[in-house]
Amino acid sequence: MADPGGVAEVWNWTVSNLDDPIGPRLLEHVQLSVVPVVLGLALALPLGVFAARWPRVYPSLLTGVNVLYAVPSLALFFLLLPYTGFSPLTAIVPLALYTLAILVPNVVDGLRQVPDHVRQAAVAMGFSPLRRLVRVELPVALPVIIAGLRVATVATISMVSVASLVGLGGLGQIILTDGFRRNFAAPVIVGVVLSVALAFVADALLVLLQRWLTPWTRGRGAAATAAARTGAAAGAKKGAPA
């Protein structure tokens, strides 16, 4: 019986090429995904705090990061080539800039959602502005910030493959060089599956990180669920015939 999906072919190619090129390209893809997100977060946090403190600058800042996001990634890669060559910086710098369009608004929104009475309580306890930001405001804003971080991470993992057109790109190199250029489907399938799997794993790790950093949200969710169940039970009892 013929194998219509070429599963055996894909499996054989994967096993025979696991050490090279799959392993090195996967590690490169992880590096080109993680570093831009970390750099983007390091830039977005102070920018977001600045915009939250001085709301008048936020529209201009938001326009600036959105304009950067509108620039095609391939164009930025080629613009950087004369200065960075075929180094990882050629991909890292544009990808880090793209994350700002997602992370900056989330940082601002998260800080704006901190209740005023929480800030006032911190001031009453003698917290300095920096200590209040680090110990009170950022922890409260963390769920919103991590929500943006999840979107930025998955988007970056997807865009890394475009860098294969300038000699980088991690798994994108497998898809382009070993797959499309040789008209061979197995590398394309392996590259796509690994990219999707990497996005799922990264998103799951960020969800676990959020649960670890914000244990109070789990308690709040459990309390809300218990309250809803109690209310439903009370309503059912009240509506029951005597």
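**View 1. Pro-21 sits in helix H2.** Helices here are DSSP runs of H or I with at least four residues, numbered from the N terminus. The peptide bond that leads from Asp-20 to Pro-21 is cis, and its omega is near 15 degrees. Most peptide bonds are trans. A word on what you are looking at: this is a predicted model, where local features need pLDDT of at least 70 and side-chain atom pairs count only at pLDDT 80 or more, while totals for chains, interfaces and linings use all residues. Residues are numbered from 1 along each chain as its sequence is written, and side-chain values use heavy atoms, with hydrogens and water left out.

**View 2. Helix H2 (residues 18–53) crosses helix H7 (residues 129–160).** Their axes come within 9 Å and cross at roughly 140 degrees; axes are lines fitted to C-alpha atoms, for helices over the stretch in contact, with angles from 0 to 180 degrees between N-to-C directions. That makes H2 oblique to H7 (under 35 degrees counts as roughly parallel, over 145 as roughly antiparallel, 65 to 115 as roughly perpendicular and the rest as oblique). The crossing is right-handed, a term for the near helix being turned clockwise from the far one by less than a right angle. In contact, meaning heavy atoms within 4.5 Å, are residues including Leu-41, Leu-45 and Val-49 of H2 and Ile-145, Leu-149 and Ala-152 of H7. The contact residues of H2 with H7 comprise 13 nonpolar, four polar and three charged. Here Ala, Val, Leu, Ile, Met, Phe, Trp, Tyr, Cys and Pro count as nonpolar, Asp, Glu, Lys and Arg as charged, and the others, Gly among them, as polar.

**View 3. Helix H6 (residues 116–124) also packs on H7.** The angle is about 140 degrees and the axes are 10 Å apart, so H6 and H7 are oblique to each other. H6 passes H7 in a right-handed crossing. On the H6 side, Val-118, Arg-119, Ala-122 and Val-123 meet Arg-132, Val-136 and Glu-137 of H7. This contact holds four nonpolar, no polar and three charged residues.

**View 4. The largest pocket is lined by 13 residues.** Val-34, Val-37, Thr-153, Ala-202 and Leu-206 lie nearest its centre. H2, H7 and helix H9 (185–213) each give two or more residues to the lining. Eleven lining residues are nonpolar, two are polar and none is charged.

**View 5. Asn-183 lies in the loop between helix H8 (171–180) and H9.** Although not a glycine, Asn-183 has a positive phi of about 55 degrees.

Methods:
1 Å grid on protein atoms, 1.4 Å probe; cavity = no way out; pocket = protein on both sides within 12 Å on 5 of 7 lines; lining within 4 Å.
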